[in-house]
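Reader: I am new to this structure and would like to learn how to read its features one at a time. Please give me the general idea before each case.

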Amino acid sequence: MSPLLFLVIQLYMEYQKIKSKYNYTEAWNWLQQKGTALHGSSFQLYEEDKHNIYLLLCWFMQDEVAAPQLKLDLHKGILLSGPVGCGKTTLMGLMRFIAKEPNRFMIKSCRNISFEFIEDGFSVIHRYSKSFGNFHQSGTICFDDLGTEGSLKYYGNECNVMAEILLTRYDLFVSQKIKTHITTNLSATEIEGFYGNRVRSRLREMFNLIAFDGTCHDKRK
């Protein structure tokens, strides 16, 4: 038996035991159709990613029946990690069509936030942490590709922009239950190296970790 077939059988048996409000097979098929409509006929959901995709579906459908069985906290956000090209950004983009108020969210590239900081300075930190502007009513943001922005200078003043934004969004999470999502290629150790122990500690409290295996193949190839 091939390793992939064994994994598929394991996942099927695992999910057969889980009680749920929703039909995940139908949700999977809908996601495949939506992905094809948005990204073309080459789009494909992969069986080896099924566990992570089901976890995402569970959270964004807010399936309070299945969530405890899958060890998901529906009051925390999602930290989706994995190697380059494993499909993190694409999957989070599709989840925007699954989420309903009050869990609708916008996606913002951390790299683009760095460009905004160079242009607009420290007001950018408030833009993505306190002042929601035209964001969805929930105030939820998915920061895409955390770690691609680096430390930046504005008029000679160096600032770790995303560290400051995440620290402030932690305060919002505690005080107002406002959620944040993240996609990243970084490991937990690398996150601590980039953003410091204070940020890493708060991320544990803010997020459910959903991680692709480091050997996951690059789907862009």
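Reader: Let me begin with the rings: which residues form one aromatic cluster?

Author: A pair of aromatic rings is described by the distance of the centres and the angle of the planes. Rings of Phe, Tyr and Trp (its six-membered ring) are paired if their centres lie within 6.5 Å, and a pair is called stacked with planes under 30 degrees apart, edge-to-face with planes over 60 degrees apart, and tilted for the rest. In this structure, one aromatic cluster is formed by Tyr24, Trp28 and Tyr54. Before we go on, please keep in mind that this is a predicted model, in which local features need a pLDDT of at least 70 and side-chain atom pairs count only at pLDDT 80 or more, while totals for chains, interfaces and linings use all residues. Residues are numbered from 1 along each chain as its sequence is written, and side-chain values use heavy atoms, with hydrogens and water left out.

Reader: Which residues lie over the face of Trp28 and over the face of Tyr170?

Author: A charge is taken to sit over a ring if NZ of Lys or CZ of Arg is within 6 Å of the ring centre and within 35 degrees of the ring normal. Lys50 lies over the face of Trp28, a member of the aromatic cluster, at 5.1 Å from the ring centre. Over the face of Tyr170 lies Arg202, at 5.2 Å from the ring centre.

Reader: Are Trp59 and Phe60 buried or exposed?

Author: A residue is called buried under 20% relative accessible area, exposed over 50%, and partly exposed in between (1.4 Å probe, protein chains only). Trp59 is buried because its relative accessible area is 0%, and Phe60 is also buried because its value is 2%. Across the protein, buried residues make up 45% of the 221 residues.

Reader: Where in the secondary structure is Trp59, and with which residues is Trp59 in contact?

Author: Helices (H or I, at least four residues) and strands (E, at least two) are DSSP runs, numbered from the N terminus. The protein has nine helices and seven strands, and Trp59 has its place in helix H3. A contact means heavy atoms within 4.5 Å. Leaving aside neighbours within four places in sequence, the contacts of Trp59 include Leu72, Leu74, Ile78, Asn103, His181 and Asn208.

Reader: What does Asn52 touch?

Author: Asn52 lies in helix H3, which covers residues 50-60, and it counts as buried because its relative accessibility is 9%. Not counting residues up to four places away in sequence, Asn52 touches Ile210, Ala211 and Phe212. For the protein as a whole, residues 24 or more positions apart account for 77% of the contacts with a separation of 6 or more.

Reader: How far apart in sequence and in space are His39 and Thr90?

Author: His39 and Thr90 are 51 residues apart in sequence, and 9.1 Å apart in space from C-alpha to C-alpha. His39 is found in helix H2, residues 24-39, and is partly exposed because its relative accessible area is 44%.

Reader: Turning to the backbone, which residues are joined by a cis peptide bond, and what is phi near in Gln62 and Lys177?

Author: A cis peptide bond joins Glu101 and Pro102, with omega of about 10°, and Pro102 lies in the loop between H4 and strand E2 (105-109). Gln62 has a phi near 55°, a positive value in a residue other than glycine. Gln62 belongs to the loop between H3 and strand E1 (77-81) and counts as partly exposed because its relative accessibility is 21%. Lys177, also other than glycine, has a positive phi near 65°. Lys177 is in the loop between helix H7 (161-176) and strand E6 (180-184), and it counts as exposed because its relative accessibility is 60%.
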